[in-house]
Each structure stands twice: as structure tokens, then as C-alpha cells.
Amino acid sequence: MIAALVLAGIKLIDVQGLQANQLSAIAEKESLTYLRIPAQRGTISDRDGTELAFNVAIRALTAQPKRMRTNWNAPSVALVHKGITYEQHTQTIADELRRLIGASVDEQQVISDLRSDKSFVYLAKSVDPAVAAQITSDFPELGSEVRSEREYPEGTVAANIVGMANWRTDRP
């Protein structure tokens, strides 16, 4: 019995004293999982259930004109375009955006942005997700940025409590 207690004591000293840091690090590694959980704004409603503020999923269409032009004019892919110039392609993109999104798209501005030497531009900032998916499928060189827009169906009712928030386009 004394021998068993001595062996247990020795093992206790070994585990809690000599191996403590190593075993603690292993346990921490096995028990921690890092997840990025984006915060989402919830629906705000009054006591009767009337929604005062809620989110609507939207997309922003983006482009990288400088890279697009370089890729379009690259000799290795020039044969794929079958003689269509970059200018004709940008016109096709602008026409398609106007057709699918509607009057909120300024076709001339889209053409101007796509033909510029800018590294990055927004083509449309508030697009239905299904429409954005169709556009990026038709034109893989365009990007789609996930966003949400805050809707206030009751207007300024309870605005001092609910607050107002949406994407800012101006920079201080």
C-alpha cells in the first residue's frame, strides 16, 4: 500500500510539476477554436411587432479596370475574344448592367470607369444578390462585394431610439 502511494505521489509530481507547461499547452490547443463571427444587426420592432428597422441583403459590383485591360489585351487570350476590342467589351458590360439593374446605373459612367486607368472602381453599389450573381457569372472579371442595407419602413418614427445607419461613401 505504501509503495502504491509513493508511486502515485511520484507520478503526481511528474505530471503537475515537470510536465505541467507541456500538458497545459496541449490542452489549450485542443480546446480552443478560433472562429470569426461577423456581427449582424438584428431587426428592431416595437411592442406590437411592427418592424422599425431591418436588414436587406445587397451586393456592390466592383471592377479592376487596369487589370481587366491588361488581361484582355494579353496575347495569350487575345484569340479567345475573336476580334472584340476592350472598348466593345466595356460597352457590352455597360449595356448588360443597364438592362439587368435598370435606370439606377449610369451607362456612360460605367463605360468611363471601365476604360479608366484606375485600379479599383464600384460600378453599382446596391444590387439584388441574384442579379449580381448573374452579372458576375456572365462577366467573371467583375467582382461582387457582400453588403446589407438598413431599411426603415416607418421612416423617422422612433429615429431617436432606433438610429440611422447605412454604408458611407464619403471619407472624412
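## Burial terms and the model

A residue counts as buried when its relative accessible area is under 20%, as exposed when that area is over 50%, and as partly exposed in between. Arginine 69, at 22% relative accessibility, is therefore partly exposed. Keep in mind as you browse that this is a predicted model.

## Salt bridges

Searching the whole structure turns up 5 salt bridges, and three of them are worth a visit here. Let's start with arginine 69: its partner is glutamate 87, with the closest N and O atoms 3.3 Å apart. Because arginine 69 sits in helix α3 (residues 65–73) and glutamate 87 in helix α5 (residues 86–101), this pair ties together parts that are 18 residues apart in sequence. Glutamate 87 is partly exposed too, at 35% relative accessibility.

Helix α5 also holds both arginine 99 and glutamate 96, 3 residues apart, or about one turn of the helix. Their salt bridge brings the closest N and O atoms to 2.7 Å. Arginine 99 is exposed at 54% relative accessibility, whereas glutamate 96 is buried at 16%. Over in helix α1 (residues 2–18), lysine 11 and aspartate 14 are likewise 3 residues apart, about one helical turn, and their side chains meet in a salt bridge at 3.9 Å, N to O.

## The aromatic pair

The ring centres of phenylalanine 120 and tyrosine 122 are 5.1 Å apart and the planes stand at 85°, so the pair is edge-to-face. Phenylalanine 120 is partly exposed, with a relative accessible area of 40%, and tyrosine 122 is partly exposed as well, at 29%.

Definitions and conventions
Residues numbered from 1 in each chain as written. Predicted model: local features only at pLDDT ≥ 70, side-chain atom pairs only at ≥ 80, totals over all residues. Heavy atoms only, no water. Phe/Tyr/Trp six-rings, centres within 6.5 Å; stacked < 30°, edge-to-face > 60°. Buried < 20%, exposed > 50% of the residue type's maximum accessible area, 1.4 Å probe, protein only. Salt bridge = Lys/Arg side-chain N within 4 Å of Asp/Glu carboxyl O. Helix = DSSP H or I, 4+ residues; strand = E, 2+ residues; numbered from the N terminus.
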